[in-house]
Amino acid sequence: MELELTLNGDDATLTVARSASLLDALRRAGYTGAKRGCDTGDCGFCTVLVDGDPVKSCVQPAVRTDGAAVETVEGLGSQDDLHPIQAAFVDNAALQCGFCIPGMIMRTKGLLDANPDPDEGEIRESLSGNLCRCTGYERILDAVDDAAGRLARTDDVAADGGRPVPERRSCAGPAPGGEQE
Ligand code: FES
Ligand code: FES
């Protein structure tokens, strides 16, 4: 059967078996960002957004997403131009093997779209269905908090932790404190 949906903002038609999961449908169509871990809804590695809500795509029948808006990690940034959430995960060293990270990032996007300023308890609660075998979670929590800050700011951020980029001083301009360089 054919599935008509919006995939990362574009209209898409996916040909799927009636019994296929959304994860199957996405991966067969070349969207391999969502990972297959447990395939039983327990690990969260396959998390994508469906109409803005985080969904474990391995247990979501593809047919139920006909007409829906689906977002996968491929719809965020690119290698050279990371989305602020992706940059926050990198800059906080929130990943090791990285297998859980696409799901973590999409879960984070769903959280921050709905609640741009979550407290730690809300972050923990939101991520509670997404497992990570490597990191111990503390850095992931830091990354989500950092990502919220980055998304709330409108100024440029550096790639080393999201601090505002300092204004460039002219070579001929005065140094801090008024001394000439
Ligand atoms: S692969 Fe979907 S929850 Fe584990
Ligand atoms: S970084 Fe390896 S499972 Fe999370």
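The following conversation goes through a predicted model of one protein chain and sets its computed values against the definitions behind them.

Biologist: What should I know about the numbering and the cut-offs before we start?

Modeller: Residues are numbered from 1 along each chain as its sequence is written, while chains are lettered from A and ligands numbered from 1 in the order in which they are written. Since this is a predicted model, local features need pLDDT of at least 70 and side-chain atom pairs count only at pLDDT 80 or more, whereas totals for chains, interfaces and linings use all residues, and side-chain values use heavy atoms, with hydrogens and water left out.

Biologist: How many helices and strands are there in the chain, and what makes a stretch count as one?

Modeller: The chain has five helices and five strands, where helices (H or I, at least four residues) and strands (E, at least two) are DSSP runs, numbered from the N terminus. Read from that end, the elements run β-β-α-β-β-β-α-α-α-α.

Biologist: In what order do the strands form the sheet, and how do you know which are the edge strands?

Modeller: The five strands form an open sheet in the order β2-β1-β5-β3-β4, with mixed pairing. The edge strands are β2 (10-15) and β4 (53-56), each of which pairs on one side only; from one strand to the next, the twist averages 40°.

Biologist: How do you know that the length of α3 agrees with its number of residues?

Modeller: The expected span of a helix is 1.5 Å times one less than its number of residues, so the 14 residues of α3 should span 20 Å, and its end C-alpha atoms are 20 Å apart, which agrees.

Biologist: What makes α3 a mostly covered helix?

Modeller: Of its 14 residues, 12 are buried, including M104, I105 and L112. What covers these buried residues includes β3, β4, β5, α2 (84-91), α4 (120-127) and α5 (138-152).

Biologist: Why is Q86 called buried, and what is it in contact with?

Modeller: Q86, which is found in α2, has 10% relative accessibility and therefore counts as buried. Leaving aside neighbours within four places in sequence, Q86 is in contact (heavy atoms within 4.5 Å) with V73, L76, G77 and I105.

Biologist: Why are F45 and F99 called an edge-to-face pair?

Modeller: Rings of Phe, Tyr and Trp (its six-membered ring) pair if their centres lie within 6.5 Å, and planes under 30 degrees apart count as stacked, over 60 as edge-to-face and the rest as tilted. The centres of F45 and F99 are 5.4 Å apart with 85° between the planes, so the pair is edge-to-face. F45 counts as buried because its relative accessibility is 11%, whereas F99, at 34%, counts as partly exposed.

Biologist: What makes a group of residues a nonpolar core, and which residues touch the most other members of the largest one?

Modeller: A nonpolar core is a set of buried Ala, Val, Leu, Ile, Met, Phe, Trp, Tyr and Cys residues joined through side-chain atoms within 4.5 Å. In the largest, of 25 residues, F89, M104, I105, L127, I140 and V144 touch the most other members. The elements giving two or more residues to this core are α2, α3, α4 and α5, and apart from it lies another core of 20 residues, among them L5, A12, V50 and V55.

Terms used
Pairing = 2+ DSSP bridges. Axes fitted to C-alpha atoms, helices over the stretch in contact; angles between N-to-C directions. Buried < 20%, exposed > 50% of the residue type's maximum accessible area, 1.4 Å probe, protein only.
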